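Please follow this account with the structure open, beginning with a pair of helices and moving on to the annotated spans and the aromatic rings.

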Amino acid sequence: MESMMSMMPGMSMGDAMTNTATATTGSLSTTATATASAMMASMTGVSGTTMSGMMNGCKISMLWNWYTVDTCFLLTAWRIRSGGGFAALCIGVILMTIVLQALGWLAKFYDQRLVQQAKQAAIHAGTSDSLIAKDGHHVSSPSSFRPNITQQAVRTLVRTAQFAMAYWIMLLAMYYNGYVIICIILGSFIGIYFFQWDRLGGLPGYAPETHPEPTGCCG
């Protein structure tokens, strides 16, 4: 302390203490400011990485984007490392949406087949509406039926696969990648075009030709 006083002639001990405290406070303030700035920059970087940027080497964004190479979907292991890989992803997405429509068609087709089988069973049992009893009255048939255990298991399997495929496509769409969303729309168009190409209602007054069926009253 004496050496410091000797180096600063004309300055009292109180002034020296005040200057020392001021310098120490300024140093601490500068250090705290620098630390806070570093923390804010770190937090900003983390936030930016979460919303848009690189995460574990993957390009991820929660906003609309056109990323191709180094994009990841669902898992960090599912990382697109080349343009060819991204093209394969787009083709796969199109096929997935086509398969989704195909599963919907398959579910409807299987239900229709079960109804046809039930009608055929009713005809063989002599309870079809197309048969007329000898007293001239139509024989009633059940308006509905319940599938057996095996049939219901098949129906459940098809619809579960349809739900899982739709959920998988939804997860891919949540990455907001423009190319992927376009592929989803394109695949849906192709799938709907082929698998919902159904017969619609007949023309007014049109009745298809049918062979006469033997009845109980007319031989």
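Helices α3 and α4 run roughly antiparallel to each other, a word that applies to angles over 145 degrees, because their axes cross at roughly 160 degrees when angles are taken from 0 to 180 degrees between N-to-C directions, with lines fitted to the C-alpha atoms of the stretch in contact. The axes of α3 (residues 83-124) and α4 (residues 149-173) come within 9 Å, helices being DSSP runs (H or I, at least four residues) numbered from the N terminus. Where α3 meets α4, the contact comprises 17 nonpolar, five polar and three charged residues, with Asp, Glu, Lys and Arg counted as charged, Ala, Val, Leu, Ile, Met, Phe, Trp, Tyr, Cys and Pro as nonpolar, and the others, Gly among them, as polar.

The model is predicted, so that local features need pLDDT of at least 70 and side-chain atom pairs pLDDT 80 or more, while totals for chains, interfaces and linings use all residues. Residues are numbered from 1 along each chain as its sequence is written, and side-chain values use heavy atoms, without hydrogens and water.

An unreviewed UniProt entry lists residues 64-80, 87-107 and 165-195 under "transmembrane region", although such annotations may be inferred rather than shown by experiment. Residues 87-107 are 100% helix and 0% strand, with end C-alpha atoms 31 Å apart, whereas residues 165-195 are 87% helix and 0% strand, with end C-alpha atoms 16 Å apart.

Ring pairs, in which the centres of Phe, Tyr or Trp rings (for Trp the six-membered ring) lie within 6.5 Å, link Trp 64, Trp 66, Phe 86 and Tyr 179 into a cluster.

Note on methods
Rings of Phe, Tyr and Trp (its six-membered ring) pair if their centres lie within 6.5 Å; planes under 30 degrees apart count as stacked, over 60 as edge-to-face and the rest as tilted. Helices (H or I, at least four residues) and strands (E, at least two) are DSSP runs, numbered from the N terminus. Angles under 35 degrees count as roughly parallel, over 145 as roughly antiparallel, 65 to 115 as roughly perpendicular and the rest as oblique.
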